[in-house]
Amino acid sequence: MRLMIVPPNATAGAIHACCKAFNESHLTSAISFEVRSGCRNMYYRTMRFSNFLHSNLSKWCSQNLLEELSGYSKANISERSKFLNKVSVLMGYNSVQDLVEQEKFRKDSKVEVEDMGEDFDFTLARSRFPCINLGDSSVIELYDEVYSSGRNELNSIVTGGPISNISSPDSDDNSSYKLLYDSPTESLDSETKSDAEVNYKKSSAAECIKFAGSSLSTDPLLDNLDNTVRCLPNATSRQCRQLEDSGFHTVRKLLHHFPRSYADLQNAQGAIEDGHYLIFVGTVLSSRGIRAGPSFSFLEVVVGCEVPDKELVSEINGEEYAGGGRKKIYLHLKKFFRGTRFTYQPFLSSLQSKYKEGDRVYVSGKVKEVRPKNHFEMREYSIDRLEEAEEDHAHIEERPYPIYPSKAGLKPSFLRDIISRALKILPTNIDPIPTEIVKEFNLLDLYDAYIGIHHPKNLTEADLARRRLIFDEFFYLQLGRLFQMLEALGTGIEKEQLLDKYKNHELYAVPVEEWSTLTKFFFNALPYSLTPSQQNAVSEIIYDLKRPVPMNRLLQGDVGCGKTVVAFLACMEVVSSGFQAAFMVPTELLAIQHYDHILSLLENFEDDNYKPSVALLTGSTPTKQSRLILKGLQTGDIAMVIGTHSLIADKVEFSALRIAVVDEQHRFGVIQRGRFNSKLYSTSTSLKSSLAVLEESFKDKGYMAPHILAMSATPIPRTLALALYGDMSLTQITDLPPGRKPIETFVLEGNETGFENVFQMMRDELISGGKVYLVYPVIEESEQLPQLRAAAAEFESVSEKFKDYQCGLLHGRMKSDEKDKALKKFKSGETQILLATQVIEIGVDVPDASMMIVMNAERFGIAQLHQLRGRVGRGSRKSKCVFLSSTSGTLDRLKALEKSSDGFYLANADLLLRGPGNLLGKKQSGHLPEFPIARLEIDGNILQEAHLAALKVLATSNDLERYPRLKAELSMRQPLCLLGD
Ligand SMILES: Nc1ncnc2c1ncn2[C@@H]1O[C@H](COP(=O)(O)OP(=O)(O)OP(=O)(O)O)[C@@H](O)[C@H]1O
């Protein structure tokens, strides 16, 4: 047998020369294939492979090895790997991985192998691999470090950085070489960078440019947050793919994966306990890349640190004395890799070479105690080498350690690692917000904010960073909305006027004397005088109505404060100048109520000639009648229509609509409002033709979009209103009609005693001539939720209990006219007890209802209960409200209602307790923008600042032409998608 020696620095070609000498290149290929397919356990295939090995090896292998081979097909994977490793070493490779790589290399580069003509030296082979005993074949320790030949051309481009703790599926065929080229080492200095690395950079750069599209910069890594994650240094293509699959397509997306919280990193000065996040400075004692299985490897860096020894702390004269005693501890930093390609020796070697024995390093992360004593394992950590000039103590400051949430299967440690890499290449000049705004609003620069949120030096820095990033979330939303609004306006003067109005919070108002005659008639027909803030609200609205710019205003006021009449007056103002008004409410019940209300007010008119024609249009309006109404609206015979969402149906055409009042605005949502708006914009064909003959200026007026007056009965906090209706002006009614008496509120546990007390209170109320609402969370009893009391189910028992009184029932499943009948009976006093569900929550107005009992009050939110409570105490009679909770645990939450009747205070409390989505109810909050880190309930002041900043920017340049970066950023962020408009 002719054997050859493979020198330690043998090139790939030289190594393959050995194979050729054996004429074993197909043996190499076969072994390589077997390893790559993971030593698959398919019996017949393994048998075939084992037979093949036998015929090839029997020419030159020892009997022992051949015996081992006979058990190959039945052996487990680990034993098979060991065996193949042995064979590979015998064939002149460093290991089986080496064989696989060389085989791949040979195939790829079609290396011509030449016969080196040297004899294989068994003695030398044995000295290189002492664990091999040829002819005896004792066990080869697969996991022992084998000698790694100095293949400089490969090593020079192998990555040095720990990749991740990520689990990746087994690699594909090309993976090992891909990995090498994908991962230029971070630790290399520029002179040693190979061509391969340069090529890598070039191709990445090209890819980045392609992705960034408009970027003209020669170095895309440095200019754009929207570069693909493929630009990240040391990220393998597999990692990039995983990031992309998890939604991290761009560096921005990655940087917007914010820490969930920060662990308070402590110096390891005290006792070191399991699970603590600590920081250490120490010395690298060893660094090993270890292959632990066919597709599993890990890097273990052992760092030795000196820390104060708690056990040596003794008491001297009763005082604790540390005595300067220190002890040595050992940190085992471990990173795991799954995938065959991570088990190849060049990869492992390069990995371990990143940390050299004796390096001073700074380590932070979570510790886990292991045996023996004073040894600790860290799997979640960061490690940085200390530069020579750096003082150890510079790093031992306590600092927050970011804890990331995992995402789509990506582990927090991997995300932390990859985010750190992104921060390293982050350019400093990335802030699109103009410097003057950054300064004026005391914001961190965007670069500092990213660093500050991911790598804060202290919690104050993290807080400042968070504030800046929240500011951005709000700012772009506000900017987008205002920008859109301005775009819709015609002239520059209009734009300036609008912005001026937003900036100066002065009240622009039209005094009563200047209201139109019709409005004044209506005003005089009211059976009461308006409160000061009602009157201000009307004046403010009328000011807007007189301007040629469509109004977009939110009328907000606490429950029962009298918003309806303010809106009626606004409608009268519009009607008086020959235009039409539409009043849209969310329920038929409310539409009927408003219709009846306005008719009763019009009856008081001194002059019938001035009475406008008002119609009611709901889904239940009979066809014949609705046809007449539609016609009336089209011809302009009907001046005002009250209705439900049927008002925005396609068939409804207006002759000259000028105002749309949208009651309970948030229940319709932005989408409906938009539809309503655009629908009303397109006036009827008949009007269009009549306008054609009118003079220009009137034509403009005629085509103007209608004014929108939205009313919110929920006293939502200003911040929430701003987020919801950022483009709206706000009018608030801050007082209640005179003579209202505070509602006495009780929060009780709904047990037997509780009910007895409540029924007694109810009886007293009825005896004294009051009317009582009983509010239930559900209509029928449910088996799933037996604790819930049901309106329909209790109708009989309540009627039985209060035989002397009449009971009514009102719930959502009843037909419209049945509901109306039930409410009218209660209003008129025909019934004195009304068992209802929360249908009565919105707008129901029975001024002499004097008591309300809410069952299972724990099922409702605070703001909702406040709304419900607002159904009583609307007249001059003193009223009571009882909230019965079926669990004692929820009483505390409900107690807020006992303490306060201020809707704004309670809405804020509710917002803090439940968050904005829940405050509005799930269905209604679909249009509420979702902010990644901002929380409307606590970050309201930042929202207001962002609003001001957006106004400032637009006042300087209302088309944003002066701020091209800002404009680009705005279009990129697509605020409308955020809103779901
Ligand atoms: N200035 C006033 N003086 C006396 N009563 C008033 C005054 N303004 C309104 N009201 C009466 O107060 C009651 C509540 O008014 P309205 O229904 O307009 O309130 P609201 O703000 O719409 O309440 P909700 O939020 O419950 O819908 C009505 O009966 C109304 O007639």
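Okay, quick definition to start: a residue is buried when its relative accessible area is under 20%, exposed when that is over 50%, and partly exposed in between, using a 1.4 Å probe and the protein chains only. Helices here are DSSP runs of H or I with at least four residues, strands are E runs of at least two, and both are numbered from the N terminus.

Now, α16. Seven of its nine residues are buried, so this helix is largely enclosed by the rest of the structure. The buried ones are Leu-446, Tyr-447, Ala-449, Tyr-450, Gly-452, Ile-453 and His-454. At the start of α16, a side-chain oxygen of Asp-445 comes within 3.0 Å of the backbone nitrogen of Tyr-447.

Housekeeping: this is a predicted model, where local features need pLDDT of at least 70 and side-chain atom pairs count only at pLDDT 80 or more, while totals for chains, interfaces and linings use all residues. Residues are numbered from 1 along each chain as its sequence is written, and side-chain values use heavy atoms, with hydrogens and water left out.

Zooming out, the protein chain has 37 helices and 25 strands. Of its 981 residues, 54% are buried.

So what about the cores? By nonpolar core I mean a set of buried Ala, Val, Leu, Ile, Met, Phe, Trp, Tyr and Cys residues joined through side-chain atoms within 4.5 Å. The largest has 57 residues, and Leu-232, Leu-243, Leu-254, Phe-475 and Leu-479 have the most contacts inside it. Helices giving two or more residues to this core include α11 (237–245), α16 (446–454) and α35 (940–956). Which helix gives the largest share? That's α17, with eleven residues. Domain 1 (221–265 + 399–427) and domain 3 (441–499 + 940–976) both contribute, so the core lies between them; those bounds come from an automatic or database domain assignment.

Take Leu-254: leaving out residues up to four places away in sequence, the residues it touches include Val-229, Phe-248, Leu-415 and Ala-422, contact being heavy atoms within 4.5 Å.

Last stop, the ligand. 19 residues surround it, the closest being Gln-534, Thr-564, Arg-740, Asp-845 and Arg-874; to count, a residue needs a heavy atom within 4 Å. An N or O atom in the side chain of Arg-740 is 2.7 Å from a ligand oxygen, and a polar side-chain atom of Asp-845 lies 2.7 Å from an oxygen atom of the ligand. On the backbone side, an N or O atom of Gly-562 sits 3.0 Å from a ligand oxygen.

Conventions
Polar contact = N/O pair within 3.5 Å; in protein donor to acceptor, adjacent residues only side chain to side chain.
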